[in-house]
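Please look through the sequence and the model below before reading on.

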Amino acid sequence: MHTWKLGDLTVNRIGFGAMRLTGGVAFGPGAAGDGDRSIAVLRRAIELGVDHIDTAAFYFSSSLSANELIRKALAPYPDNLVIATKVWPARDASGTWYWAAPEQLRGQVEENLRGLGRDHLDVVNLRVPPSRRGGSIAEHFGALAALREAGLIRHLGVSNVTPAQLAEAQAIAPVVCVQNAFGVGAPAGEREMLRICGEQGLAFVPFFAIAGAGREAGAGAPEHESVLAVARAHGATPAQVRIAWTLRQGPHVLAIPGTGDPAHLAENVAAKDLRLSEEETALLDRIG
């Protein structure tokens, strides 16, 4: 199955993450982004069939904003394009991080609307701080639910949550997706959310599926030999193997690999056609 639903919105299972459009290293010093190349990458993604982009207002560098790049590249937007964003984390104009209070979420939603040039957001994920995993998210999610009722948001999701927090959110308003860190080598405990989403028909949209422990810095560590072995067997890249393994975890699993490189974009999208055998999948399952 090559598509899944985010609420009433059907998307292809390989989307695009916008985090790396603004520079070589997200949120820190590194190679400056190339705006023209990023715009070309976004347009090429649409040509390759991508219809789901994951972004955030806090994806910006000193000279580039992911949301503004998306608007410049793709507006007026294709009718089938779904843009998902996230709130609660925030950065001020100097780049300093802070966590928004519930009453500040409307401002974050409006910032995304302005940057993207939209009158509503297709999907907004509430990204829970690491320090709040296990705590209540009702006040923040309730504030987002009110914005959904006001027509600023079409669908709601949650990110970096526990099963209990997902259930708490669902008692307030419908949830269409969960974004948690997950990929080859993920701890066994992280599979619980994968299972719950599958049982409930919710989209599970893992982040860092390629970067793994490298997180925002990217996949800089030496690649695991099992991943390399599978890649050699298929004439594929390690990133393609990781994406293919991710998609094999269930028909409800989406992938949102990000890149500012046109060649990497084409490789990532092509990973949808990589078929791993049962033996190869089991080999990768044993990592970690």
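A polar contact is a pair of N or O atoms within 3.5 Å, where, within protein, one must be able to donate a hydrogen and the other to accept it, and residues adjacent in sequence count only if both atoms are side-chain atoms. This is a predicted model, in which local features need pLDDT of at least 70 and side-chain atom pairs count only at pLDDT 80 or more, while totals for chains, interfaces and linings use all residues. Residues are numbered from 1 along each chain as its sequence is written, and side-chain values use heavy atoms, with hydrogens and water left out.

Lys86 belongs to strand S5, a strand being a DSSP run (E) of at least two residues and a helix one (H or I) of at least four, both numbered from the N terminus. With a relative accessible area of 2%, Lys86 is buried (under 20%; exposed is over 50% and partly exposed lies in between, with a 1.4 Å probe and protein chains only). Asn180, which sits in the loop between strand S10 (177-179) and helix H6 (191-200), is buried as well, at 7%.

| Side chain | Partner | Distance |
|---|---|---|
| Lys86 | Asp54 side chain | 2.9 Å |
| Lys86 | Tyr59 side chain | 3.1 Å |

If neighbours within four places in sequence are set aside, the residues in contact with Lys86 (heavy atoms within 4.5 Å) include Asn112, Asn125, Arg127 and Gln179. On the same terms, Asn180 is in contact with residues including Arg133, Met193 and Phe207.

On a 1 Å grid over the protein atoms alone, a cavity is a set of points where a 1.4 Å probe fits but cannot get out, and lining residues have an atom within 4 Å of a point. One cavity of 30 Å³ or more is found in the whole structure. The largest cavity holds about 70 Å³ of space, and Lys86 is among the residues that line it, along with Phe58, Arg91 and Asn112. Strand S5 (82-87), strand S6 (89-91) and helix H3 (105-116) each give two or more residues to this lining.

**Confidence**

The protein chain has an average pLDDT (the predictor's confidence in each residue, from 0 to 100) of 92, and 93% of the residues score at least 70. Over residues 212-218, however, the pLDDT is below 50, and this stretch has ten contacts in the model beyond near neighbours in sequence.

Terms used. 1 Å grid on protein atoms, 1.4 Å probe; cavity = no way out; pocket = protein on both sides within 12 Å on 5 of 7 lines; lining within 4 Å. Points joined across faces, edges and corners; volume = space filled by probe spheres on them.
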